[in-house]
Every structure is written in structure tokens, then in C-alpha cells.
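Reader: I have a structure open and would like to go through parts of it with you. Could we begin with the cross-links and then turn to other topics?

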Amino acid sequence: MEKKHARLPILQKPIGALVLLLLLGGPVAIAFGFPPAGWRLARPWVYGGDFSQYLSAMDQGMAGAWRIVNRFSPEPHPPALQYLFYVALGHLARILGAPLESLYAVVAVAGLLILWDRLLSFFGAFLPDREHHPIALGLALSTGPVWMIPLGLSLFRIASPWGQAAMDVATRIEHNTFLALMAPPHLTLALALLLTALSDLSAPPSSASMGSRLRLSATPLLLAALNPFSLISFLAFLCVWLSVHRQEMIPGLRHIAPPVLLTVPLVGYHVAIFQRDPFWSVAYGQQNLQPPYPPPLVLAAFGLMGLLALPGVLRGWGASAGPDVTRWRFLAGSAGALFLLSYLPLPYARRFAYGIGPLLSALAAPVAADLYARFRSWWTTPGRRVLGGAAIGIALYSQNAFLYTVYALSMLGTGPFPRAVFEPVAAFEAAMGLRQQGAQVVVLACEEDGNFLAGYIRGRVVLGHPGATFQVARKREEVAAFFQGDLPPEEERALLQRYRVTHLYYRDDRPCGPRSLSGSPSFLHPPIYIFEISKVK
């Protein structure tokens, strides 16, 4: 029997989306409107260190470009089609006359709400029983108590590289759907597209609608602009779908032929540029280090969701044939494909697992519902309810509760990282001054400062974002030696000439080293100092 897409009742009302928006966007709004005195928000949302890359792409789009250059490294290189989504936002900002950061905020909110809606529609497509939807949602937003691994290693004084890896694994959006909701808009929208594609592919070829065909055909173009890594995931979904519907091979091929024919050349372009080009293959290829974590740590990060997904797969695979069973096998095969893709021998393989969390939660939800029904009689007394609720809360949500607390406190300018998302107002003034001097400017600064500046200036920095700066390890050594004062005068001159440096940017509240620059600064607003090379002594 054909089922309808079901949604959680609370999310059919504006109150559900409003709560989500206040929870995740409220701290950002406070940080933007009421920053600490003398400071300004510079890194909105999570993964804020990447924001300068998006801002640089938007700025170049606003100037009329479609292919952009990498402002985070001074080497000459050909422009490329990169961050197309943000480049297009720049063009839109020019047309609307809108500030880039304001447009980014609007799109980030839209991406959050669209992803939330698509997540619920996805559960409706694969879980006919509406009672399983809140369970799937609860599992999707959970993680395993993986933080207990480094705690145990520390208590027993066991040295292991798994300690730091365990701290990192649950903070990656590939393993944490809650953080994916807080990710930059190109990632929230990319995940929304993947979930929409999965929902469209939940139907067999014989009952696929024209709307689903059109959406699937448009998906590769949109993913190429949003998150090209997801093109591989999308292609895997299409292959799994055709495999489970092999009895309808000819209609199935007709159904997926347009998206496949669009996906393959788009993947080919990115391979040619980011694997073959001598500049881009290093800056955004070899240095795009996103390797997978050991499988035991990944399973620990998924927690209960990962443990219950396996019996959920076996349960559906052993059932008699039918539309729901075929749909379940497609879901299980897609989850397995993402997991296997994330272990390919590529430096960025983990990115292919983006989106696996909702799939695992849907697979695990029926098993979790059965377990709850079996042990429901245990929850008869208030004491047991409190004890059980606390245990579930710690096991499933302690990690995300901690991460959200740090995130919110940072946005409020307090907690363990009170200035993590802010920069001094003087830093923005300095960036605007450098911007006015044009595209020939090349700034030598500490890594964090260079990463900030590259989002605003029209020129380049020597050292910026670690994934974008060409040969970043060598640049780190050179910049550290310069600011430590370890280079002889002739090597300093050679360094500045090699990268065509025009300005030095220095912060005395966050210095790279003990060296103090002397001369007449062209910008003086403590703690920020900018020196023109010709005036440095």
C-alpha cells in the first residue's frame, strides 16, 4: 500500500521551526547585535574559520567574476569554478544592493529551515509508521558518549592517539547531524538536496512522478555549486537505486540517465582542477585533509543510532518482497555506500559520508521502538523515569549539549573561549584600509590574522586558511621564523621578495613571536599595526 509522507505534528506549526531558529540562530544574532565593546563578530555559525573563504568568493562574485582566485595564497594561478554558490550570492548582492554579511545571514537561516523540513520529509518517505518519526529524529540529533574514551585514557594514564581522535570524531558533520544543522548554508542546503533525492528515489521506476524526475535532473547542478563532494554520494544513491530495482532495469535507466549524464562531467571537472592542476591540486586537493577515523571510533560517535542500525538493516533485508522492503533495502544500501566511500584512499574521503546520520537513524528507529515497547513496563515509577531519562540523556546528548554550550557562550563573549568568534573593530578598519589599496596588495601576517584578512581585502595574504594556502606547512615555518626574528637579513629580504609582500600586519595582543616591528606604521590602532614594507626598519 502506498504511504503518504508523514511529518511530526509540532513541525506542521511555526512553533517548531521558531524554537530551532532561536536555539541555533539566537546566539549568533546576539553576537552580531551586541558584541563585546571594541569587538565585532567575524566568524558566524560553527566552523567559523571557513567563513573568510565564503566571504572572499562572495566578494569576487559581487565584482562580476564567476571563476575566482585564491586570495589565501600569493602564488600566480588560474581562476577556477569554486564556491559557486557563494559567487552567485555575490552577484545577487550586487543586484539587490545588499551587504554580503547580511545576505549570508539570511541564506544561513533559510538553509537551516530547509534542511529541517527536508529531514522530516525524509523520515516520512522511509518510515510509514508515524510513531517512529520522533524516535528517528531523536536518534539523528544524538551522538555516542565518545568523550568517555579520552576521559578513561586520562584516568588510567594511557597514552593513545585515539584520545584526540575521539575528541574530534563527534565534532564532524559527517558523524553529527545536529552540527550539520549549524553548518554554513552551502552544507545545510547540500544535505537537504541529498535527503530530497533519497525521498524521490524511495519510489520504484514505474511510479516515479515527473516532479521527482525534474528534481533529480537538477540535483547534480545544484550540488556542484553547493558541495561537489556530494556528487559522489548522489551518484552512489542512483547506482544503489538501480540495483534494488534491477527487475525494472530499462525504466530505471531512463529515470536516472539525465542525472547521471550531468553528474559525470561535473565530477570530471573537479577531478581535473583539484587533482591535476599544479596549484589547486595542492591547495584544495592534497591539503584538504579529511581522512576517515578508525571504524570503532566512528561507531562510538554514532552511539545507539549506529548500534541499532545494523539489526534494522538485517530486519528489513530478511523480510518478504514488497514496496516497503525494496525501499528499506535502498536505504540500507545507500547508508552502506556512504560508509564505504568514506574509506576510499583519498585525503578528503570522509566528506563522502556526509548525510549518513539521517539514514542510520531511519534504519535504527523501528528497532529502537521495539526495544522501548519491550521495556516500557520498567518505566512505571517516577524514580525509574528520572534515572532512565538521565541515563539516556547522558548517553545520547551529553556531547552535543557540551558543544552547544561552548558555542552559545562563545557567541555571548564569555565562557572558555570568550573571543573565539570576534575580532577587534580595529581589525576590520585595517582590512578596509588594505582593501582600498587594490588587488596588488600582499600581506604577511600570522595565520589566523591572514585568514581573517583574506576574506575582506582584494589582494592576497602569504599565509591564511590551512586548507587554502599553497604549501601551508612551509609557509608556517617561514612566517614563524620571520616573526620570531630567526632569519638573517638577506633571507628576510628574499622571503618578502619571493611572495611580493607589500604590507606587514601585526597584533601585539596575539603576536606570532617576540619580534617587535619598528618604523612608521601606515595603520596604527592598537592592538593592530600595519607597516608598508618600504617603511619597516
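Predicted model: local features only at pLDDT ≥ 70, side-chain atom pairs only at ≥ 80, totals over all residues.

Reader: Which residues does the disulfide join, and what is the S to S distance?

Author: The disulfide joins Cys446 to Cys512, with an S to S distance of 1.5 Å.

Reader: Where do Cys446 and Cys512 lie, and how many residues apart are they?

Author: The two cysteines are 66 residues apart, and the pair links distant parts of the chain. Cys446 sits in the loop between β3 (442-444) and α20 (447-453), whereas Cys512 belongs to the loop between β5 (503-507) and β6 (523-525).

Reader: Is Cys446 buried or exposed?

Author: Cys446 counts as buried because its relative accessibility is 8%, and buried means under 20%.

Reader: Let us change topic to helix packing. At what angle do α5 and α17 pack, and how far apart are their axes?

Author: Helix α5 (residues 132-140) packs against helix α17 (residues 356-374) at an angle of about 120°, and the axes are 8 Å apart. That angle makes α5 oblique to α17. The crossing of the two helices is right-handed.

Reader: Which residues of α5 and α17 meet?

Author: From α5, the residues are His132, Ile135, Ala136, Leu139 and Ala140. They meet Ser361, Ala362, Ala364, Ala365, Pro366, Ala368 and Ala369 in α17.

Reader: Now the loops. Where does Asn227 lie, and which residues does Asn227 touch?

Author: Asn227 is in the loop between α10 (210-226) and α11 (229-244). Leaving aside residues up to four places away in sequence, Asn227 touches Leu187, Ala190 and Tyr354. With 6% relative accessibility, Asn227 counts as buried.

Reader: One more loop residue: where is Ala183, and is Ala183 buried or exposed?

Author: Ala183 lies in the loop between α8 (177-181) and α9 (185-200). Ala183 counts as buried, because its relative accessibility is 2%.

Reader: What separates the C-alpha atoms of Ala183 and Ser102?

Author: A separation of 17 Å lies between these C-alpha atoms, and Ala183 and Ser102 are 81 residues apart along the chain.

Note on methods. Residues numbered from 1 in each chain as written. Heavy atoms only, no water. Helix = DSSP H or I, 4+ residues; strand = E, 2+ residues; numbered from the N terminus. Buried < 20%, exposed > 50% of the residue type's maximum accessible area, 1.4 Å probe, protein only. Axes fitted to C-alpha atoms, helices over the stretch in contact; angles between N-to-C directions. Parallel < 35°, antiparallel > 145°, perpendicular 65-115°, else oblique. Left-handed = near helix turned anticlockwise from the far one by under 90°. Contact = heavy atoms within 4.5 Å. Disulfide = S-S within 2.5 Å.
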